[in-house]
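Hi everyone, thanks for having me. I'd like to walk you through one structure today, starting with the overall layout and then stopping at a couple of spots. Let's bring it up on the screen.

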Amino acid sequence: MVACGLADPVGMARFLRAWVDLAEVVTTSRISVVMNRVRRGAVGLDPNGQVVSALRRFGGIESPILVPHDQQGADAAIVAGRTLRDAAPKSPARASIRRFVRTELLPVPAPAASRRRRETWWRRPAVAG
């Protein structure tokens, strides 16, 4: 499950109120918290630290994913009617979202069996009983 919120004072207050409600109804223990539009102008110096600290203190949330504010990239995507990936491939917001998806949402591929093992398993002689 992914719970998203806006990383400004109003957005975080709303998120934390909803977080309490979510915790009461969710049956999974694995919830990824994503805070969007992290920026200095909304929360002051060290916006990442401020957001992480507030979520830890008021919600007990330890490892939120922080997506930086990228107005230029978002505007480019909207104007072009395209995805952020297509309109602004070097966007810091896109990079953060991509990293989150790859590390948290996509399944980890199972290690491939060695070629030798695959080739020889069927060649073993049957044991006569």
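Before anything else, please keep in mind that this is a predicted model.

Setting aside residues up to four places away in sequence, aspartate 8 touches Ala42 and Val43. Where does aspartate 8 sit? You'll find it in the loop between β1 (2-6) and α1 (9-25).

Now, is aspartate 8 buried or exposed? It is buried, and yet it has no salt bridge. The nearest side chain of opposite charge belongs to arginine 39, 5.3 Å away. What the side chain of aspartate 8 does reach is the backbone nitrogen of valine 10, at 3.2 Å.

Let's zoom out to the whole chain. There are seven helices and three strands. Reading from the N terminus, the order is β-α-β-α-α-β-α-α-α-α. The chain has 129 residues, and 29% of them are buried. If you take the contacts between residues at least 6 apart in sequence, 63% of them join residues at least 24 apart.

One last stop is the largest pocket, which holds about 160 Å³ of space. Which elements give two or more residues to its lining? They are β2 (32-38), β3 (65-68), α4 (71-80) and α6 (92-105). Among the lining residues you can look for Asn36, Arg37, His69, Asp70 and Ile97.

That's my tour, and I'm happy to go back to any view.

Key:
Residues are numbered from 1 along each chain as its sequence is written. This is a predicted model: local features need pLDDT of at least 70, side-chain atom pairs count only at pLDDT 80 or more; totals for chains, interfaces and linings use all residues. Side-chain values use heavy atoms; hydrogens and water are left out. Helices (H or I, at least four residues) and strands (E, at least two) are DSSP runs, numbered from the N terminus. Buried means under 20% relative accessible area, exposed over 50%, partly exposed in between (1.4 Å probe, protein chains only). Lys and Arg count as positive and Asp and Glu as negative; His and the chain ends are not counted. A salt bridge is a side-chain nitrogen of Lys or Arg within 4 Å of a carboxyl oxygen of Asp or Glu. A polar contact is a pair of N or O atoms within 3.5 Å; within protein, one must be able to donate a hydrogen and the other to accept it, and residues adjacent in sequence count only if both atoms are side-chain atoms. Contact means heavy atoms within 4.5 Å. On a 1 Å grid over the protein atoms alone, a cavity is a set of points where a 1.4 Å probe fits but cannot get out, and a pocket is an open set with protein on both sides within 12 Å along at least five of seven lines; lining residues have an atom within 4 Å of a point. Grid points are joined across faces, edges and corners, and a volume is the space filled by probe spheres set on the points.
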